[in-house]
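Subject: Handover of a structural model

Dear colleague,

Please find the structure below, handed over for your review. A summary of the findings comes after it.

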Amino acid sequence: MSDYNVIRGLTVKYLSDDPTNPEDGQVWYNSTTGNLRVEGMVLAAAWASGGNMSTARYSLSGAGTQTAGLAWCGRAAPIYNVTEEYNGASWTAGGSYPVNGNDVGGTGTQTAGLGVGGLNPPSLPNPPTKTTVAEYDGSSWTAGGPYPASRWQVGVAGTQTAAIAAGGATFPTVLQTESKEYDGSTWTAGNAMNNARGLYGATGTQTASLATAGRSTPGNESTTTNVEEYDGTNWTAGGAYLIAIKQNRGQSGTQTASVTYGGNSGTRVANAYIYDGSAWAATASLSTAVDNNAGAGAAPSTEALSFGGYNGSPTTQTEEFTGASTQIKNITTS
Amino acid sequence: MSLYIYGTAINTGKGFFTHQDRLDFFLSGNPGNVWVIGNNEKGAVWLASKNGITKTKAEAQAIVDAEITAAQTAWDALPDDEKTPSDRPTDITLP
């Protein structure tokens, strides 16, 4: 029979507390709790319920993280300018967005959010799409540099002072390939995407962003598996999404570690997938199929927040994603 | 034995279902506050702990159908301009 220190190259230490950064598979004795313990038991990824939003809506905008999220605009029967802030447990009211709109592009953080464009059909015969750009400081929205084109469905990634906006649509729905970079005050034209898209997952930074699926051509409302990556200059093909979807605005993370959740493949889906910069893999699904939801989450692939959306009706539902992790467990013989 | 338990329960937000719940049993939310729950002891305890009301599969499906029908009717009544952001709600067949 082999000894533990021969197998692992470690001895079983006698400690008064758990080690700070135990190695995978490390075993020790915790003299305080009286337990033999091991690091490395895998806790699978899952979505848990978060605090419900105050206003049920879909086609809303999102930014921030799982414990400092930001939601604004969206629609149910009315079209909203409502902003709500999430603290990891509950949503509270924030400052109102300057215009009522749905499908406003969004990025940034709870204290430095950025909204771009949007749609307000009841404003007909006035132009229903918006060039409005607004910046949030944690309490109120102020005008940013106007978007050069009147758009909705735009995907936005990056920060309030270094963002990339791409795609989107004119009214009612003619999808675009254009992209534009924002420096906090003005927009400059970037190179076009290879595929027109709207209502898609957008995440990352101005120099390393990811555009996932979304409404596509032909017909402007088709589903797609197409994914593109932006390097600050050009858009190139990324790994194909595993199902053809649209209206999948729930996405967070980075270009090389992203998680996307919800969408519509003909029917609304609860599926979630993780991207590693080249390929997608399935992860734990949302509890409830939803599209036109919003997302937040800073930590690559390990945390995310899905909120709002349409699941048969406009919803207040919030779900919190925790990626797979290892954890410490007691070793027992019973 | 059926693979699933069916019931209605109001999602009260944080803590309504936990990470561990999702690992312990299947859980799927549907219109009308209908939940499809994996048929094991922990799933049954969860529904009871949420003041849930157990339904037969047929009863649960009827609630979902009524919700979807109402949503489809509402969507059909929208002006064309307001139909563009979302698709017409589709029927849902419970597992």
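This is a predicted model: local features need pLDDT of at least 70, side-chain atom pairs count only at pLDDT 80 or more; totals for chains, interfaces and linings use all residues.

Residues are numbered from 1 along each chain as its sequence is written, and chains are lettered from A and ligands numbered from 1 in the order in which they are written.

Chain A contains 30 strands and one helix (DSSP runs, E of at least two residues for strands and H or I of at least four for helices, numbered from the N terminus). Its radius of gyration, taken over C-alpha atoms, is 22 Å, close to the 20 Å given for 334 residues by the globule rule, so chain A is as compact as a globular protein of that length. That rule is 2.2 Å times the number of residues to the power 0.38. Of the 334 residues of chain A, 53% are buried (20 or more other C-beta atoms within 10 Å of the residue's own, with C-beta atoms placed from the backbone).

At the interface, 32 residues of chain A are in contact with 25 residues of chain B (C-beta atoms, placed from the backbone, within 7 Å). On chain B, the elements that each supply at least two residues to this side are α1 (19-24), β2 (27-30), α3 (57-76) and α4 (80-83).

Within chain A, strands β5 (residues 61-64) and β6 (residues 69-72) pair in the antiparallel sense over four bridges (pairing requires at least two DSSP bridges). A hairpin through four residues joins β5(A) to β6(A), and A63(A) stands opposite L70(A) in β6(A).

Kind regards

How values were computed:
A residue is buried if 20 or more other C-beta atoms lie within 10 Å of its own, exposed if 12 or fewer, and partly exposed in between; C-beta atoms are placed from the backbone. Two residues are in contact if their C-beta atoms, placed from the backbone, lie within 7 Å.
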